[in-house]
Amino acid sequence: MSLKHNLLRKKPIPNMQGGEVRSALKKQLSAMDLIILGVGSIVGTGIFVLTGVTAATHAGPGLIVSFLLAGLVCAFCALCYAEFASTVPVAGSAYTYSYSTFGEGFAWLMGWDLLLEYGFASALVSSSWSGYVQSILAGFGIHLPTAITNAFNPANGTYVDVPAIFIALLITWIVSRGAKESTRLNTFMVYLKVAVILLFIGVGVFYVEPDNWTPFLPFGMEGVMTGAAIAFLAYVGFDVIATAAEEVKHPQKSLPIGILGSLLIVSVLYIAVTAVLTGLVPYNLLNVKDPVAFALLYIEQDWMSYFISLGAIAGLTTVLMGVMFGQSRLLYALGRDGLLPKRMSSVNPKTKSPEFSTWVSGISIALLSGFVPLGNLADLASIGTLFAFITVSLGIIVLRKTHPDLKRTFRVPFVPWLPLIAVASCLYLLTTLQWITWIGFIVWIGLGVVIYAIYGYRHSALSKGDSSGYE
C-alpha cells in the first residue's frame, strides 16, 4: 500500500460504537465522578492567581466580561468534545477522535501533541505546588535548603526541586491505584477547594464597594479581549474527562454531562470570584501573586488566609491529579494501538489501571519539574491545548460530512458555525504566543515525526490487519 494510504488509514467508528473495543480497564465512573474530575482538573492557579494579575494589567473589573466570553468560547469547544465523547467512547481524547476522522498520521501527531500538553502542564503545576508549600512553611519559620528548592540553576544556588518531585511521585502512586480510588481523594480535595472559594464569595460579598467597579472598562474593550485570551487558558482541563471514556459506566450519556457540567460550574465560580474580588479591592492594586489572600488582608479578614492556603494547595493537587490521569490514559491508548510499545497498554489485573504507563508518565513529570527550569517553555502546555481544541472542532465538521447517519446521543447545534467560531478563537489565541513557544512546538512535532517513521508506522495495529486497533 502507498505511504499516503497508510498515513490516512482510519479506525472504523461503527466498530468502536458497536462494542468491539476490547478494553481491560474497569468501567466504574459515574457522571458525577466525571464532573468532579473536570472541576478538579480546571480550578487551580487560574482562580487563585490569574484573576488578580489580569484585572490589574489588562481588563480591570471588566474581567467579569472576559471570563464570560472565554467561558462561552470554551463551551463551543466543549460541545465538540461532548459529541465526540458520546459517539466514540474510547480512551485517548483528541488523539482517538483524530484517528477516526483524519487518519493515523495526523492522529499520532495529535497524541504526541497531547503528551506535550499534559507533560508540561503537570510539571508546571508541580512547580507551583512546590512554591506555594514553601511559602507556607516559611510562614511558620521553616526554610528548606536553597539547593533543593528549585530546578537546576547553579547561578541561584538551586539544583533540584525536591517538593515538586515529591508531589509528582505521590500523585503518580495515587493514580496508579485505579480510577475509582484516585477519584475518592480527588473528590475530597475538590469539595475542599470549592468550599474555600464559596467561603471567600460568601464573606467577601458583604464587603464589596460598588465604587471599585468604576470605571468598569479602564482599558477599553481591547483590554477585555486580551483578558478573555488569558482567561480562556484558565478553563483548560475539561478535555481530561474524555480520556476516561473506557472507565465510565454509561459513556454515551455520562461523558457529555461530565464535560458540560464541569465547565458550567467552573464558569460560575470564575465569574463570581472575579466580581467579588474586583469589588473588594481597586483593580490597580491586584497585581500580586495571591490576589484572593491579598483581598482578605485588604478588608482585614486575616483569619481566612489559612483557609485560602488550604484551598490553593487542594486546587493545585487536583489539577495535577487530573492531568496525570489524562496523560496515563493517553499513553495506554497509544500503546494499545501499537504507535508506542505495547507495554504502555499493560493493565494491573488487581487495580484494572494502566499502571506501567502511569509510572512512566509520573517519573517523567517528576524529572521535568525537579530539574528543568521551564521559563517561557511553559506556554508549550497552552499551544498543545489550542491545537487539540482546533482539531476536535474541525473533526466535528468532517464527521458530519463523512458519517451523516452515525448514531449520536449528543449533537453540537449550529454546525458548522459553532465549531468554526471555536477554531477562529483558538487561532487568535495562537497568535498571542511568543516565538520561542512556536520554535519549541515545531521541534517537538519534528521529533514526533521521526519516532512515528522509525517505530509507529511499522508497529501500528492497523498495519497488522487489526481493523479496530485493539488486541
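## Crossing of H7 and H14

H7 passes H14 in a right-handed crossing. The model is predicted. Two packed helices are described by the angle between their axes and the distance between the axes. Here helix H7 spans residues 104–139 and helix H14 spans residues 355–371. Their packing angle is about 55°. Their axes lie 9 Å apart. H7 and H14 are therefore oblique to each other.

## Residues at the contact

Which residues of H7 meet H14? On the H7 side they are Gly119, Phe120, Ser122, Ala123, Ser126 and Ser127. H14 contributes Ile365, Leu368 and Ser369. By class, the contact of H7 with H14 has four nonpolar residues and five polar ones. No charged residue takes part in this contact.

## Cysteines without disulfides

How many disulfides does the structure hold? The count is zero. A disulfide is a covalent bond between the sulfur atoms of two cysteines. The cut-off for the sulfur pair is within 2.5 Å.

Take Cys80. The closest cysteine sulfur to that of Cys80 belongs to Cys77, at 6.6 Å, so the pair is too far apart for a bond. Cys80 is buried, with a relative accessible area of 0%.

Now Cys426. The closest cysteine sulfur to that of Cys426 is again in Cys77, at 4.1 Å. That distance is also too far for a bond. Cys426 counts as buried, because its relative accessibility is 0% and the limit for buried is under 20%.

Terms used: Residues are numbered from 1 along each chain as its sequence is written. This is a predicted model: local features need pLDDT of at least 70, side-chain atom pairs count only at pLDDT 80 or more; totals for chains, interfaces and linings use all residues. Side-chain values use heavy atoms; hydrogens and water are left out. Axes are lines fitted to C-alpha atoms, for helices over the stretch in contact, and angles run from 0 to 180 degrees between N-to-C directions. Helices (H or I, at least four residues) and strands (E, at least two) are DSSP runs, numbered from the N terminus. Angles under 35 degrees count as roughly parallel, over 145 as roughly antiparallel, 65 to 115 as roughly perpendicular and the rest as oblique. A crossing is left-handed if the near helix is turned anticlockwise from the far one by less than a right angle, and right-handed if clockwise. Contact means heavy atoms within 4.5 Å. Ala, Val, Leu, Ile, Met, Phe, Trp, Tyr, Cys and Pro count as nonpolar, Asp, Glu, Lys and Arg as charged, and the others, Gly among them, as polar. Buried means under 20% relative accessible area, exposed over 50%, partly exposed in between (1.4 Å probe, protein chains only).
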